[in-house]
Amino acid sequence: MFPTVWVSSPGRGALREPDWHHDGNQAMEKCRFLRTIIRHPHPRHDPKGPRKARMLRKIQICLCFFFVSGILYEISLLSGCFFSYVPMSKHFLTPEQVLNLGKSIIFLETTERLEPTPLVSCSVESAARIYQDRPIILFMKGLSNETVLGLNSSYAAFSLLSSMKNVFIFPLQMETVFQETPLLQWYNQVVPEQEKNWIHISSDASRLALIWKYGGIYMDTDVISIRPIPEETFLAAQKSKFSSNGIFGFPARHKFIWDCMENFVLKYNGNIWGNQGPFLMTRMLKTVCNLTDFQGMEDHSCQNISFLNPKRFYPIPYPAWGRYYAVWDKSPNFKHSYALHLWNFMNRNRKAVVAGSNTLAENLYKAYCPTTYEDLIQNAKPREFTDSEDVA
(Lines give C-alpha, C1' and ligand atoms only; values in the text may rest on other atoms or scores of the structure.)
Protein backbone atom coordinates (compact mmCIF):
# COMPACT_ATOMS: atom_id res chain seq x y z
CA MET A 1 0.00 0.00 0.00
CA PHE A 2 1.07 3.53 -0.68
CA PRO A 3 1.43 5.87 2.33
CA THR A 4 -0.83 8.87 2.76
CA VAL A 5 0.84 11.98 1.38
CA TRP A 6 0.04 15.57 0.51
CA VAL A 7 -1.64 16.04 -2.84
CA SER A 8 -2.62 19.06 -4.84
CA SER A 9 -5.74 21.14 -4.40
CA PRO A 10 -7.72 23.47 -6.66
CA GLY A 11 -6.84 27.12 -6.97
CA ARG A 12 -5.48 29.44 -9.64
CA GLY A 13 -5.06 27.66 -12.91
CA ALA A 14 -7.88 25.23 -12.11
CA LEU A 15 -9.59 24.09 -15.27
CA ARG A 16 -13.18 24.47 -16.36
CA GLU A 17 -15.66 22.76 -14.04
CA PRO A 18 -17.54 19.81 -15.59
CA ASP A 19 -21.18 20.61 -16.22
CA TRP A 20 -22.64 18.41 -13.51
CA HIS A 21 -24.73 21.27 -12.14
CA HIS A 22 -27.08 20.74 -15.09
CA ASP A 23 -28.18 17.36 -13.70
CA GLY A 24 -28.72 18.89 -10.29
CA ASN A 25 -30.88 21.65 -11.81
CA GLN A 26 -32.93 19.04 -13.66
CA ALA A 27 -33.51 17.22 -10.39
CA MET A 28 -34.71 20.40 -8.69
CA GLU A 29 -37.03 21.19 -11.62
CA LYS A 30 -38.59 17.74 -11.38
CA CYS A 31 -39.04 18.16 -7.65
CA ARG A 32 -40.78 21.50 -8.22
CA PHE A 33 -42.95 19.82 -10.84
CA LEU A 34 -43.99 17.10 -8.39
CA ARG A 35 -44.64 19.72 -5.73
CA THR A 36 -46.89 21.67 -8.11
CA ILE A 37 -48.96 18.59 -8.90
CA ILE A 38 -49.23 17.62 -5.27
CA ARG A 39 -50.13 21.11 -4.09
CA HIS A 40 -52.91 21.43 -6.70
CA PRO A 41 -54.98 18.24 -6.59
CA HIS A 42 -58.40 17.97 -8.18
CA PRO A 43 -60.57 20.81 -6.79
CA ARG A 44 -63.39 18.45 -5.67
CA HIS A 45 -64.19 18.89 -1.94
CA ASP A 46 -62.88 16.05 0.18
CA PRO A 47 -63.50 15.95 3.96
CA LYS A 48 -60.27 13.95 4.35
CA GLY A 49 -58.31 16.67 2.52
CA PRO A 50 -55.90 17.71 5.36
CA ARG A 51 -54.88 14.09 6.03
CA LYS A 52 -54.38 13.43 2.31
CA ALA A 53 -52.39 16.64 1.96
CA ARG A 54 -50.01 15.55 4.71
CA MET A 55 -49.68 12.14 3.06
CA LEU A 56 -48.99 13.71 -0.30
CA ARG A 57 -46.37 16.00 1.19
CA LYS A 58 -44.60 12.99 2.68
CA ILE A 59 -44.72 11.21 -0.67
CA GLN A 60 -43.36 14.35 -2.33
CA ILE A 61 -40.43 14.52 0.09
CA CYS A 62 -39.65 10.83 -0.36
CA LEU A 63 -39.81 11.01 -4.15
CA CYS A 64 -37.58 14.07 -4.27
CA PHE A 65 -35.10 12.49 -1.85
CA PHE A 66 -34.78 9.27 -3.84
CA PHE A 67 -34.62 11.08 -7.17
CA VAL A 68 -31.91 13.51 -6.06
CA SER A 69 -30.01 10.67 -4.36
CA GLY A 70 -30.02 8.74 -7.62
CA ILE A 71 -28.72 11.73 -9.56
CA LEU A 72 -25.94 12.33 -7.03
CA TYR A 73 -24.98 8.67 -7.10
CA GLU A 74 -24.65 8.73 -10.90
CA ILE A 75 -22.66 11.95 -10.65
CA SER A 76 -20.29 10.42 -8.10
CA LEU A 77 -19.43 7.66 -10.58
CA LEU A 78 -18.05 10.14 -13.07
CA SER A 79 -14.38 10.94 -12.48
CA GLY A 80 -14.83 14.40 -13.97
CA CYS A 81 -17.48 15.15 -11.40
CA PHE A 82 -15.28 13.75 -8.66
CA PHE A 83 -12.78 16.56 -9.11
CA SER A 84 -15.41 19.29 -8.69
CA TYR A 85 -17.84 17.59 -6.31
CA VAL A 86 -15.41 16.80 -3.48
CA PRO A 87 -12.24 18.77 -4.25
CA MET A 88 -11.12 19.19 -0.64
CA SER A 89 -10.75 15.41 -0.25
CA LYS A 90 -7.72 15.58 -2.55
CA HIS A 91 -5.67 16.51 0.52
CA PHE A 92 -6.26 13.08 2.02
CA LEU A 93 -6.03 10.76 -0.98
CA THR A 94 -3.20 8.27 -1.32
CA PRO A 95 -1.58 7.49 -4.68
CA GLU A 96 -3.34 4.12 -4.70
CA GLN A 97 -6.75 5.73 -4.18
CA VAL A 98 -6.17 8.15 -7.04
CA LEU A 99 -4.85 5.42 -9.34
CA ASN A 100 -7.88 3.29 -8.51
CA LEU A 101 -10.13 6.00 -9.90
CA GLY A 102 -9.05 4.54 -13.25
CA LYS A 103 -7.69 5.81 -16.55
CA SER A 104 -4.92 7.88 -15.01
CA ILE A 105 -2.35 9.74 -17.10
CA ILE A 106 1.01 9.01 -15.46
CA PHE A 107 4.23 11.03 -15.63
CA LEU A 108 7.53 10.19 -13.91
CA GLU A 109 10.44 12.30 -12.68
CA THR A 110 13.20 9.88 -11.67
CA THR A 111 15.85 12.50 -10.88
CA GLU A 112 16.03 14.20 -7.48
CA ARG A 113 14.77 17.45 -9.01
CA LEU A 114 12.01 19.19 -7.04
CA GLU A 115 11.37 22.04 -9.45
CA PRO A 116 9.66 20.78 -12.63
CA THR A 117 11.22 22.31 -15.74
CA PRO A 118 8.98 24.38 -18.06
CA LEU A 119 8.76 21.42 -20.45
CA VAL A 120 7.67 19.08 -17.66
CA SER A 121 5.15 21.65 -16.51
CA CYS A 122 3.85 22.07 -20.05
CA SER A 123 3.50 18.32 -20.54
CA VAL A 124 1.49 17.88 -17.33
CA GLU A 125 -0.64 20.99 -17.90
CA SER A 126 -1.47 20.06 -21.48
CA ALA A 127 -2.60 16.60 -20.36
CA ALA A 128 -4.70 18.16 -17.58
CA ARG A 129 -6.43 20.36 -20.12
CA ILE A 130 -7.01 17.64 -22.72
CA TYR A 131 -8.11 14.98 -20.19
CA GLN A 132 -10.14 17.04 -17.74
CA ASP A 133 -12.12 14.03 -16.51
CA ARG A 134 -9.06 11.91 -15.70
CA PRO A 135 -6.48 12.04 -12.90
CA ILE A 136 -3.11 13.40 -14.05
CA ILE A 137 -0.37 12.07 -11.76
CA LEU A 138 3.24 13.26 -11.57
CA PHE A 139 5.43 10.93 -9.52
CA MET A 140 8.65 12.62 -8.35
CA LYS A 141 11.54 10.68 -6.87
CA GLY A 142 12.85 13.82 -5.14
CA LEU A 143 9.72 14.08 -3.00
CA SER A 144 9.32 12.26 0.27
CA ASN A 145 6.55 11.93 2.83
CA GLU A 146 8.21 14.68 4.85
CA THR A 147 8.43 17.11 1.92
CA VAL A 148 6.02 20.00 2.43
CA LEU A 149 5.33 21.73 -0.85
CA GLY A 150 2.03 23.32 -1.71
CA LEU A 151 0.35 26.20 -3.42
CA ASN A 152 2.75 28.66 -1.78
CA SER A 153 5.86 26.73 -2.74
CA SER A 154 8.89 28.73 -3.82
CA TYR A 155 9.01 26.40 -6.81
CA ALA A 156 6.82 28.20 -9.33
CA ALA A 157 6.06 25.18 -11.51
CA PHE A 158 5.22 23.02 -8.50
CA SER A 159 2.78 25.63 -7.26
CA LEU A 160 1.30 26.03 -10.74
CA LEU A 161 0.67 22.32 -11.22
CA SER A 162 -0.60 21.83 -7.68
CA SER A 163 -3.31 24.40 -8.34
CA MET A 164 -4.90 22.31 -11.11
CA LYS A 165 -7.86 20.34 -9.83
CA ASN A 166 -7.10 17.04 -11.60
CA VAL A 167 -3.30 17.09 -11.12
CA PHE A 168 -1.79 15.05 -8.30
CA ILE A 169 1.89 15.09 -7.29
CA PHE A 170 3.21 12.16 -5.27
CA PRO A 171 6.58 10.77 -4.16
CA LEU A 172 7.91 7.97 -6.37
CA GLN A 173 8.70 5.08 -4.04
CA MET A 174 10.05 2.36 -6.30
CA GLU A 175 10.10 -0.48 -3.81
CA THR A 176 6.37 0.05 -3.27
CA VAL A 177 5.72 0.36 -7.00
CA PHE A 178 7.54 -2.90 -7.77
CA GLN A 179 5.70 -4.98 -5.16
CA GLU A 180 3.88 -7.99 -6.67
CA THR A 181 5.75 -7.69 -9.97
CA PRO A 182 8.72 -9.53 -11.52
CA LEU A 183 10.71 -6.30 -11.09
CA LEU A 184 10.98 -6.44 -7.30
CA GLN A 185 13.71 -9.08 -7.16
CA TRP A 186 15.70 -7.22 -9.84
CA TYR A 187 15.33 -3.95 -7.94
CA ASN A 188 16.52 -5.50 -4.70
CA GLN A 189 19.66 -6.83 -6.42
CA VAL A 190 20.65 -3.95 -8.69
CA VAL A 191 23.15 -1.31 -7.50
CA PRO A 192 21.98 2.07 -8.84
CA GLU A 193 25.35 3.75 -8.27
CA GLN A 194 26.93 1.30 -10.70
CA GLU A 195 24.34 1.85 -13.43
CA LYS A 196 25.30 4.57 -15.91
CA ASN A 197 21.73 4.84 -17.27
CA TRP A 198 19.92 4.47 -13.95
CA ILE A 199 17.65 7.51 -14.36
CA HIS A 200 16.28 6.07 -17.60
CA ILE A 201 16.27 2.42 -16.50
CA SER A 202 14.41 3.15 -13.26
CA SER A 203 11.86 5.13 -15.25
CA ASP A 204 11.46 2.30 -17.76
CA ALA A 205 10.77 -0.14 -14.92
CA SER A 206 8.44 2.14 -12.95
CA ARG A 207 6.18 2.91 -15.89
CA LEU A 208 5.69 -0.79 -16.63
CA ALA A 209 4.81 -1.63 -13.03
CA LEU A 210 2.38 1.27 -12.60
CA ILE A 211 0.52 0.61 -15.85
CA TRP A 212 0.34 -3.12 -15.15
CA LYS A 213 -1.08 -2.55 -11.66
CA TYR A 214 -3.52 0.24 -12.39
CA GLY A 215 -3.89 0.73 -16.13
CA GLY A 216 -4.09 4.08 -17.91
CA ILE A 217 -1.66 5.97 -20.12
CA TYR A 218 2.00 6.62 -19.46
CA MET A 219 3.60 9.73 -21.01
CA ASP A 220 7.16 11.03 -20.97
CA THR A 221 7.57 14.48 -19.44
CA ASP A 222 8.47 15.94 -22.84
CA VAL A 223 5.17 14.96 -24.48
CA ILE A 224 2.70 17.79 -25.17
CA SER A 225 -0.91 16.61 -25.49
CA ILE A 226 -2.94 18.25 -28.23
CA ARG A 227 -6.08 16.04 -28.50
CA PRO A 228 -7.45 12.93 -26.74
CA ILE A 229 -6.06 9.54 -27.66
CA PRO A 230 -9.03 7.41 -28.77
CA GLU A 231 -7.32 4.08 -27.99
CA GLU A 232 -7.16 2.32 -24.62
CA THR A 233 -4.67 -0.42 -25.52
CA PHE A 234 -1.86 0.89 -27.67
CA LEU A 235 1.84 1.29 -28.37
CA ALA A 236 3.29 4.24 -30.26
CA ALA A 237 5.40 3.56 -33.33
CA GLN A 238 8.48 5.75 -33.42
CA LYS A 239 9.05 4.55 -36.98
CA SER A 240 8.00 1.51 -39.01
CA LYS A 241 8.59 -1.74 -37.13
CA PHE A 242 9.95 0.09 -34.07
CA SER A 243 8.01 0.96 -30.93
CA SER A 244 8.75 3.70 -28.45
CA ASN A 245 7.99 3.41 -24.76
CA GLY A 246 7.61 7.18 -24.32
CA ILE A 247 3.84 6.89 -24.48
CA PHE A 248 1.63 3.82 -24.24
CA GLY A 249 -1.68 2.77 -22.76
CA PHE A 250 -3.07 -0.50 -21.41
CA PRO A 251 -5.80 -1.65 -19.04
CA ALA A 252 -4.69 -2.98 -15.68
CA ARG A 253 -3.20 -6.49 -15.45
CA HIS A 254 -2.66 -6.79 -19.18
CA LYS A 255 -0.58 -9.85 -20.13
CA PHE A 256 1.59 -7.94 -22.60
CA ILE A 257 2.88 -5.61 -19.86
CA TRP A 258 3.50 -8.55 -17.52
CA ASP A 259 5.50 -10.26 -20.27
CA CYS A 260 7.47 -7.04 -20.76
CA MET A 261 8.39 -6.97 -17.07
CA GLU A 262 9.56 -10.59 -17.21
CA ASN A 263 11.65 -9.86 -20.30
CA PHE A 264 13.01 -6.72 -18.62
CA VAL A 265 14.57 -8.95 -15.95
CA LEU A 266 15.51 -11.84 -18.23
CA LYS A 267 17.28 -9.68 -20.82
CA TYR A 268 18.55 -6.99 -18.47
CA ASN A 269 21.59 -5.05 -19.68
CA GLY A 270 21.99 -1.64 -18.11
CA ASN A 271 24.96 -0.74 -20.30
CA ILE A 272 22.84 -0.50 -23.46
CA TRP A 273 20.67 2.63 -23.51
CA GLY A 274 17.07 1.75 -24.31
CA ASN A 275 17.51 -2.00 -23.86
CA GLN A 276 14.85 -1.97 -21.15
CA GLY A 277 12.81 0.75 -22.91
CA PRO A 278 11.97 1.09 -26.62
CA PHE A 279 14.04 -1.96 -27.58
CA LEU A 280 12.15 -3.99 -24.99
CA MET A 281 8.76 -2.87 -26.31
CA THR A 282 9.83 -3.57 -29.88
CA ARG A 283 11.17 -7.07 -29.28
CA MET A 284 8.09 -8.01 -27.24
CA LEU A 285 5.73 -6.66 -29.89
CA LYS A 286 7.55 -8.70 -32.52
CA THR A 287 6.83 -11.88 -30.56
CA VAL A 288 3.07 -11.43 -31.03
CA CYS A 289 2.84 -9.41 -34.25
CA ASN A 290 4.20 -9.55 -37.78
CA LEU A 291 5.27 -5.91 -38.05
CA THR A 292 5.09 -4.26 -41.46
CA ASP A 293 5.92 -0.79 -42.77
CA PHE A 294 3.44 2.06 -42.49
CA GLN A 295 2.42 3.11 -46.00
CA GLY A 296 0.25 6.11 -45.17
CA MET A 297 -1.67 7.37 -42.14
CA GLU A 298 -3.06 3.97 -41.16
CA ASP A 299 -2.59 2.42 -37.73
CA HIS A 300 -1.76 -1.26 -37.28
CA SER A 301 -3.43 -3.69 -34.91
CA CYS A 302 -2.39 -7.09 -33.58
CA GLN A 303 -3.58 -9.20 -30.65
CA ASN A 304 -5.99 -6.37 -29.72
CA ILE A 305 -3.04 -3.98 -29.37
CA SER A 306 -3.11 -0.89 -31.56
CA PHE A 307 0.29 0.02 -32.98
CA LEU A 308 -0.22 3.69 -33.73
CA ASN A 309 1.26 5.44 -36.75
CA PRO A 310 4.47 7.45 -36.12
CA LYS A 311 2.56 10.60 -37.11
CA ARG A 312 0.38 10.24 -33.99
CA PHE A 313 3.22 11.24 -31.65
CA TYR A 314 6.39 11.60 -33.70
CA PRO A 315 5.54 13.75 -36.73
CA ILE A 316 8.98 15.33 -36.30
CA PRO A 317 11.46 12.41 -36.07
CA TYR A 318 14.37 12.52 -33.64
CA PRO A 319 17.07 13.46 -36.24
CA ALA A 320 15.08 16.67 -36.84
CA TRP A 321 14.25 17.37 -33.19
CA GLY A 322 15.75 20.90 -33.41
CA ARG A 323 12.86 21.98 -35.62
CA TYR A 324 10.75 22.34 -32.49
CA TYR A 325 13.04 25.19 -31.45
CA ALA A 326 13.15 26.79 -34.89
CA VAL A 327 10.99 29.48 -36.51
CA TRP A 328 8.71 28.11 -39.23
CA ASP A 329 7.45 30.10 -42.19
CA LYS A 330 4.14 28.27 -41.81
CA SER A 331 3.31 26.44 -38.61
CA PRO A 332 2.13 22.84 -39.05
CA ASN A 333 -1.32 21.89 -37.78
CA PHE A 334 -0.43 18.34 -36.69
CA LYS A 335 -3.97 17.28 -37.60
CA HIS A 336 -3.02 13.59 -37.52
CA SER A 337 -1.33 13.77 -34.11
CA TYR A 338 -2.63 13.15 -30.59
CA ALA A 339 0.48 14.45 -28.84
CA LEU A 340 3.98 15.64 -29.72
CA HIS A 341 7.22 14.21 -28.37
CA LEU A 342 9.83 17.00 -28.14
CA TRP A 343 12.86 14.70 -27.83
CA ASN A 344 14.30 16.31 -24.71
CA PHE A 345 16.93 13.58 -24.48
CA MET A 346 18.43 14.92 -27.71
CA ASN A 347 18.44 18.50 -26.39
CA ARG A 348 21.93 18.38 -24.91
CA ASN A 349 22.52 22.08 -25.54
CA ARG A 350 19.39 22.78 -23.51
CA LYS A 351 17.56 24.90 -26.03
CA ALA A 352 14.66 26.56 -24.26
CA VAL A 353 11.41 28.26 -25.09
CA VAL A 354 11.88 32.02 -24.96
CA ALA A 355 9.08 34.59 -25.01
CA GLY A 356 8.89 36.40 -28.31
CA SER A 357 11.07 33.93 -30.20
CA ASN A 358 8.15 32.70 -32.37
CA THR A 359 9.57 29.20 -32.45
CA LEU A 360 7.33 26.20 -32.98
CA ALA A 361 7.82 25.18 -29.33
CA GLU A 362 6.79 28.62 -28.09
CA ASN A 363 3.62 28.48 -30.17
CA LEU A 364 2.84 25.02 -28.79
CA TYR A 365 3.25 26.32 -25.24
CA LYS A 366 0.90 29.21 -25.98
CA ALA A 367 -1.75 26.87 -27.39
CA TYR A 368 -1.59 23.86 -25.07
CA CYS A 369 -0.06 24.98 -21.77
CA PRO A 370 -0.87 28.71 -21.59
CA THR A 371 -0.56 28.88 -17.79
CA THR A 372 2.95 27.47 -17.94
CA TYR A 373 3.79 29.90 -20.71
CA GLU A 374 2.42 32.89 -18.85
CA ASP A 375 3.90 32.08 -15.44
CA LEU A 376 7.20 30.50 -16.38
CA ILE A 377 8.16 31.51 -19.89
CA GLN A 378 7.27 35.19 -20.16
CA ASN A 379 9.35 35.89 -17.06
CA ALA A 380 12.43 34.21 -18.51
CA LYS A 381 15.33 36.36 -19.65
CA PRO A 382 15.45 36.55 -23.48
CA ARG A 383 18.55 35.36 -25.29
CA GLU A 384 19.87 35.65 -28.80
CA PHE A 385 19.28 32.82 -31.26
CA THR A 386 21.87 31.27 -33.55
CA ASP A 387 21.23 30.98 -37.26
CA SER A 388 20.55 27.26 -36.95
CA GLU A 389 17.66 27.97 -34.60
CA ASP A 390 16.03 30.48 -36.91
CA VAL A 391 15.65 28.24 -39.93
CA ALA A 392 13.13 25.38 -40.13
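A residue is called buried when under 20% of its relative accessible area remains, and exposed when over 50% does. The legends below describe close-up views of a predicted model.

**View 1. The disulfides of the predicted model, taken together.** A search of the whole structure finds two disulfides. When the bonded cysteines of the protein are numbered in sequence order, the pairing reads 1-4, 2-3.

**View 2. The disulfide of Cys289 and Cys302.** The sulfur atoms of Cys289 and Cys302 are 2.3 Å apart, and the two residues form a disulfide. The link of Cys289 and Cys302 is left-handed, with -110 degrees about the S-S bond. Cys289 sits in the loop between α11 (278-288) and β8 (300-302), while Cys302 belongs to strand β8 itself, so that the pair, 13 residues apart, links distant parts of the chain. Both Cys289 and Cys302 are buried.

**View 3. The disulfide of Cys122 and Cys369.** Here the sulfur atoms of Cys122 and Cys369 lie 2.0 Å apart in a disulfide. The torsion about the S-S bond of this pair is about -85 degrees, and therefore the disulfide is left-handed. Because Cys122 lies in helix α5 (residues 118-130) and Cys369 in the loop between α12 (360-368) and α13 (370-377), the pair ties together parts that are 247 residues apart in sequence. Cys122 is buried, as is Cys369.

Key:
Residues are numbered from 1 along each chain as its sequence is written. This is a predicted model: local features need pLDDT of at least 70, side-chain atom pairs count only at pLDDT 80 or more; totals for chains, interfaces and linings use all residues. Side-chain values use heavy atoms; hydrogens and water are left out. A disulfide is a pair of cysteine sulfur atoms within 2.5 Å. Helices (H or I, at least four residues) and strands (E, at least two) are DSSP runs, numbered from the N terminus. Buried means under 20% relative accessible area, exposed over 50%, partly exposed in between (1.4 Å probe, protein chains only).
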